[in-house]
Amino acid sequence: MEPQFSPDQTAERAAATFDGTIRQGELMAKAIQRHTERISRTHGKRLRDRSERTMAVLKQLGAVPASGGSWFELASSYVTDSFQRGVLTLDVLRERGNNDIAHEADGTPPVLIYKYEIVVDGAKLKTPVNYMLLRILPPEGIEIFDWKRPYMIIDPRAGHGAGIGGFKEDSQVGVALRDGHPVYFVAFRPHPEPGQTLADVMRAEVEFIREIARRHPKSPKPIVVGNCQGGWATMLLAAANSDITGPLVINGAPLAYWSGRVGENPMRYNGGLLGGLMPALLFSDLGHGQFDGAHLVSNFEGLNPARNHWGKYYDLYSDVDAGRERFLEFERWWGGFHFMNEAEIRWIVEQLFVGNRLARGEARLEHGRHLDLKKIRSPIIVFASHGDNITPPQQALNWIVDTYTDENEIKIRGQRIIYMVHEKVGHLGIFVSSSIANKEHSEVASTMKTIEALAPGLYEMAITDQHGEGVHARFTVSFTERKLDDIRALDDGQREEEQAFAAVDRLSQLGAEAYDLGLRPLVQASITPQIAEALRTAHPARAQRLALSDRNPWMSWVEPTVQAITSARAAVPASHPFRELEQLWSDSVEQGLDLFRDMRDACYETMFYGIFGSPMMKIVGRSYNFQRTLKDPTELRFLPEVQAHLLNVDRGGFAEGVIRMLIVLAQARGSVRRTRLERSAQVLTMHEPFASLGSERRAALIHEQTVIVEFEPEAAVQTLTKLLPTDKDRREAVDVVEFIAGPLEEMEPHTIQALQRFRRTLGLPTLEARPADAAIESPREPEAA
């Protein structure tokens with residue numbers, strides 16, 4: 001019997017295994033090196049800074065006797081203040097527990113600060129769901145215009161309740177209301193409807209959008225804002241229903257779950273190290289068919305134990321007199337745990353967290369319903385941050401690289417994708433930070449008025465140069481055309497480490513099958529509704545809150561003691577030497593927890609690649625290690641839709657000519673300021689012949705002319721004479737283009753060269769300076785209001 005492999009084949013396989021082992025070792029060494037360097041750099045700097053601050057405080061204490069002070073008096077006042085702050089802090093935690101009990105008794109309503117009315121109750125739909133569409137009622141003094149594009153904000157259903165997008169004035173809801181937009185909010189009740197699936201949820205959201213459209217027939221299609229989990233839900237909605245949504249704003253939403261940088265982003269390893277899909281099924285069974293969101297919240301808290309288990313409580317303790325309401329406001333949302341059906345959490349883990357099927361083009365919402373992000377036609381704005389440890393920029397953006405061959409395909413599809421990467425804001429800060437609301441979200445809202453005047457393509461949005469203060473602040477906004485390589489540059493290499501996740505995916509499936517056929521019948525038979533409720537109540541995330549509420553009789557002394565303290569409060573300032581020593585001690589505790597976290601993450605990552613990065617595991621995951629099949633860039637020109645557009649290179653009239661010149665200008669500059677985009681939107685929506693085209697026809701024209709300019713740049717300019725046959729048309733068209741381009745002195749050399757080329761081609765005189773506020777002098781005046 002002949003051997004299966006020849007000697008040469010055997011040697012080749014052995015060499016490949018050896019090479020794989022070397023690569024595994026290099027990957028683990030790379031991870032260890034990066035963790036070690038970061039730990040040494042960050043913790044060394046923190047130690048040095050704290051040492052300097054400690055010496056300064058000790059020096060201050062040493063000078064107390066010389067200045068006529070007394071150490072005893074300082075210590076006595078500090079002890080009194082410290083004790084009082086301790087009791088007041090305990091009282092805040094008592095009130096937090098009481099708030100949780102009352103909030104749950106009320107049905108855990110959204111934590112919105114705005115009044116609202118229920119427009120559509122998902123429980124009454126044909127396929128019931130626990131979702132609701134709320135109409136935000138504008139506060140007194142804010143005027144809403146029905147003709148303005150409505151907003152629909154989808155909050156994350158990731159263990160918490162709804163409302164984080166509007167739980168204070170400087171929020172996504174507040175920004176939209178101040179700009180006069182009707183605002184609708186997608187909220188949800190704590191428990192899902194029996195049998196509810198994510199496909200049912202998506203169908204409900206479709207009904208929500210249709211109801212908004214019925215209420216605002218004169219406005220454009222609604223803007224859909226998705227936060228975190230609400231972001232990928234928004235993308236599912238738009239992929240499956242490409243004809244009903246307006247622009248999409250995706251904030252801190254993971255879409256490429258295997259992505260990240262080696263030495264960072266430890267959350268992506270949880271799927272492999274914690275057992276994949278099987279734990280989600282087990283916890284659902286222990287919840288009698290419902291997955292408790294407290295598990296997800298505990299995972300989030302574990303990512304940053306220093307902040308969640310120490311820092312936020314010390315911040316409350318150090319400023320309990322002023323920080324009480326702020327703390328309780330946030331904790332009301334953080335502790336409002338919600339649930340999912342087993343089918344919902346299974347889809348999320350299987351298709352997204354572990355399987356990464358959405359970015360790879362393999363996700364199915366239900367049998368026979370394939371989800372393809374390439375089918376989305378609405379403009380997409382993606383907001384990510386380097387400071388986000390839950391959704392790093394790679395997870396927020398790499399779906400673009402995985403979905404499109406190159407940036408030209410984005411143009412061919414008529415898509416506009418704009419991304420913005422913040423340097424340091426954390427995950428929650430993207431949704432709740434006042435500074436982010438007043439800057440990034442405000443400017444995104446302003447951009448929505450003009451985004452559809454932007455030519456199809458991939459852009460990075462930059463916000464600079466502040467003008468004004470507070471809610472009246474405005475910034476210089478520009479859109480720079482980017483390539484897919486610019487997104488790849490945010491990662492670290494060829495993403496070879498992602499191969500290890502394919503083995504995790506396969507083993508996750510096998511583990512789920514083994515549990516389903518083995519232990520699951522026993523677990524399900526053992527869990528009654530009463531046992532499930534007892535397990536929920538005993539969950540540490542709930543128990544720690546309830547233990548400090550009035551349900552605990554040992555807390556009965558707190559409230560009368562607080563009343564006594566309030567009448568005799570003896571606070572000392574934060575500059576008190578012992579308060580400064582207290583802060584230094586707290587900083588050292590926080591750093592100790594950060595050091596534990598960093599070392600834990602280093603061990604997690606090294607262990608993950610030690611297990612799943614081996615040659616054997618690559619064989620295990622071989623059938624799951626694939627990417628979406630993409631066309632070769634050279635094939636894009638021969639796509640039927642491209643060929644159809646190119647047939648029109650010498651066809652059209654005034655509208656086609658102007659739009660084509662604007663696209664040539666944009667490509668010559670490589671970027672466009674929002675002021676120019678605003679002038680472009682003004683012309684395209686208010687002046688004829690553009691205004692009467694309607695938004696869909698204008699979008700189709702911009703798409704067509706973008707493809708023509710991209711694939712036939714020379715012919716696109718030379719055939720302008722056929723689109724603009726008369727001298728009158730040519731003068732008027734160039735006047736419109738130069739008005740949008742702005743004053744000559746503000747133009748870049750590439751812009752001037754392109755305009756001069758248009759004039760030469762059309763037989764017009766050389767470009768001359770025009771005032772910045774010059775109107776378009778043509779018979780094509782704005783339509784009457």
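1. A term first: contact here means heavy atoms within 4.5 Å. Helices (H or I, at least four residues) and strands (E, at least two) are DSSP runs, numbered from the N terminus. This is a predicted model, in which local features need pLDDT of at least 70, side-chain atom pairs count only at pLDDT 80 or more, and totals for chains, interfaces and linings use all residues. Residues are numbered from 1 along each chain as its sequence is written, and side-chain values use heavy atoms, with hydrogens and water left out.

2. On confidence, pLDDT is the predictor's own score for each residue, from 0 to 100. The protein chain averages 89, and 95% of the residues score at least 70. Strand 2 (residues 131-136) has the highest mean, 97, and helix 15 (residues 434-447) the lowest, 73.

3. Please take care with two stretches. pLDDT stays under 50 over residues 775-779, which have ten contacts beyond four places in sequence in the model. It also stays under 50 over residues 781-785, where there are nine such contacts. Where pLDDT is low, the predicted coordinates should not be read in detail.

4. Helix 27 (residues 695-711) has 17 residues and reaches 25 Å from first C-alpha to last, close to the 24 Å expected at 1.5 Å a residue; the expected span is 1.5 Å times one less than the number of residues. Its buried residues (under 20% relative accessible area, 1.4 Å probe, protein chains only) include R698, H703, E704 and F711. What covers them? The cover includes helix 13 (407-412), strand 12 (416-422), helix 24 (640-646), helix 25, helix 26 and helix 28 (713-718).

5. Helix 26 (residues 674-686) has 13 residues that should span 18 Å, and its end C-alpha atoms are 17 Å apart, which agrees. Among its buried residues are R674, R676 and R679, along with L677 and L684.

6. Helix 25 (residues 654-669) packs against helix 30 (residues 727-741) at an angle of about 40°, with axes 10 Å apart. Axes are lines fitted to C-alpha atoms over the stretch in contact, and angles run from 0 to 180 degrees between N-to-C directions. Helix 25 contributes F654, V658, M661, L662 and L665 to the contact, while D729 and E732 are among those from helix 30. The contact residues divide into eleven nonpolar, no polar and two charged.

7. Finally, L507 lies in helix 17 (residues 499-517) and touches F612, M617 and V620, leaving aside residues up to four places away in sequence.

Conventions: Nonpolar A, V, L, I, M, F, W, Y, C, P; charged D, E, K, R; others polar. Buried < 20%, exposed > 50% of the residue type's maximum accessible area, 1.4 Å probe, protein only.
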